[in-house]
Amino acid sequence: MITIKSEHEIELMRKAGEIVGNTHKYLKQYIKPGITTKELNDLAEDFILKSGATPSFKNLYGFPGTICISINEEIVHGIPSMRKLKNGDIVKLDIGACYQGYHGDSAWSYPVGNVSSEISRLLEQTEQALYQGLSAVHAGAHVGDIGYAVEQYAKKCHLGVVKELVGHGIGTKVHEDPDVPNFGKQGTGPVLKEGMTIAVEPMLNLGTAEVYMLDDDWTIVTGDDKASAHFEHTILVTKDGYEILTKR
Ligand code: MG
Ligand code: MG
């Protein structure tokens, strides 16, 4: 069931989104070679708790971390560990926070130290793919319009579009209806209405679109071990467009 949020619920989602955005802003300064992903995870947990929220992903479906941290060929759901970031890595932080029962969800990809021109291009174009997807959002548009916009842009950039993982509705649960794929046909799928809140989150790969899961049963990686990027905002559908709830 796709829910429409009341003005009061939207206020709580703005607050949850603001906390997620602030957590990203706070963690960004620590993204340097030598820091472990566990240290980033713990900084995120402290920050979210001090902001009056709880981490949405901790124990979600049994996830063992507070946030998901995925490096290089890891696309999503990386488990924080003693692994250290290295110069030239691309690191993805996927952060969720729950404020008074409402969730915000935003993933962002960051360069570690100096990255190759190939990684820089992947970062720029995947962020751009997010905005291309968002530009299709307004009351009366279809969910398929978002996926179409992302996919067409990714194709132009010769990037692989991950199909096994999709965006989603969000509210009192992190994952609500509808699914918001990063591919699709215009004019298909559920119609967007004012007051819906969804997470749009392209995951694009330098190489193949194929993915597989590591033996930890969580981390999803690219089929050819080439790098992947992930950019996500939680947004509110408005009459003429959208409002980003997880802005920095
Ligand atoms: Mg996320
Ligand atoms: Mg999400």
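Which residues are buried in α2?

Guide: A word first: this is a predicted model. In α2, the buried residues are Thr37, Leu40, Asn41, Leu43, Ala44, Glu45 and Ile48. The helix runs over residues 37-50. Its 14 residues, at 1.5 Å a residue, should span 20 Å. The end C-alpha atoms of α2 are 20 Å apart, so expectation and model agree. Just after α2 comes Gly52, with a positive phi of about 85°.

What lies over those buried residues? The cover of α2 includes α1, β1 (54-55), β2 (68-71) and β4 (90-99).

One of the buried residues leads onward. Leu40 of α2 is buried, and Leu40 is among the residues that Ile31 touches. Ile31 also touches Leu85, Val91, Leu93, Tyr110, Pro111 and Val112; residues up to four places away in sequence are not counted.

Ile31 belongs to the largest nonpolar core, which has 60 residues. Ile31, Leu85, Val91, Leu93 and Leu192 touch the most other members of that core. Helix α1 (residues 7-28) gives the largest share, seven residues. A second, separate core has six residues, including Val76, Val162, Met203 and Ile220. As a general point, nonpolar side chains tend to be buried together in soluble globular proteins.

Now the metals. The magnesium ion (ligand 1) is coordinated by Asp94 (OD), Asp94 (OD), Asp105 (OD) and Glu232 (OE), at 2.0 to 2.6 Å. Along the chain, the donor residues of the magnesium ion (ligand 1) follow D-x10-D-x126-E. Asp105 sits in strand β5 (residues 102-111) and Glu232 in the loop between β13 and β14, so this pair ties together parts 127 residues apart in sequence. Both Asp105 and Glu232 are buried.

Glu201 has a relative accessible area of 6% and is buried. For Glu232 the value is 0%, so Glu232 is buried too.

Strands β10 and β13 come up again in an open sheet. The sheet has three strands in the order β6-β10-β13, paired antiparallel. β6 (160-161) and β13 are the edge strands, each pairing on one side only. Between β6 and β10 the antiparallel pairing covers two bridges. Val161 stands opposite Leu204 in β10.

Last stop: Thr222, in strand β12 (residues 220-222). Its relative accessibility is 0%, so Thr222 counts as buried. The Thr222 side chain reaches the backbone oxygen of Lys226 at 2.7 Å. Leaving out residues up to four places away in sequence, Thr222 touches Glu73, Ile75, Asn205, Glu210, Val211, Tyr212 and Ser228.

Technical notes. Residues are numbered from 1 along each chain as its sequence is written. Chains are lettered from A and ligands numbered from 1 in the order in which they are written. This is a predicted model: local features need pLDDT of at least 70, side-chain atom pairs count only at pLDDT 80 or more; totals for chains, interfaces and linings use all residues. Side-chain values use heavy atoms; hydrogens and water are left out. A nonpolar core is a set of buried Ala, Val, Leu, Ile, Met, Phe, Trp, Tyr and Cys residues joined through side-chain atoms within 4.5 Å. Buried means under 20% relative accessible area, exposed over 50%, partly exposed in between (1.4 Å probe, protein chains only). Helices (H or I, at least four residues) and strands (E, at least two) are DSSP runs, numbered from the N terminus. Contact means heavy atoms within 4.5 Å. Donors are N, O and S atoms within 2.8 Å of the metal (3.2 Å for Na, K and Ca); water is not among the atoms, so sites may look incomplete. A polar contact is a pair of N or O atoms within 3.5 Å; within protein, one must be able to donate a hydrogen and the other to accept it, and residues adjacent in sequence count only if both atoms are side-chain atoms. The expected span of a helix is 1.5 Å times one less than its number of residues. Two strands pair if DSSP finds at least two bridges between them.
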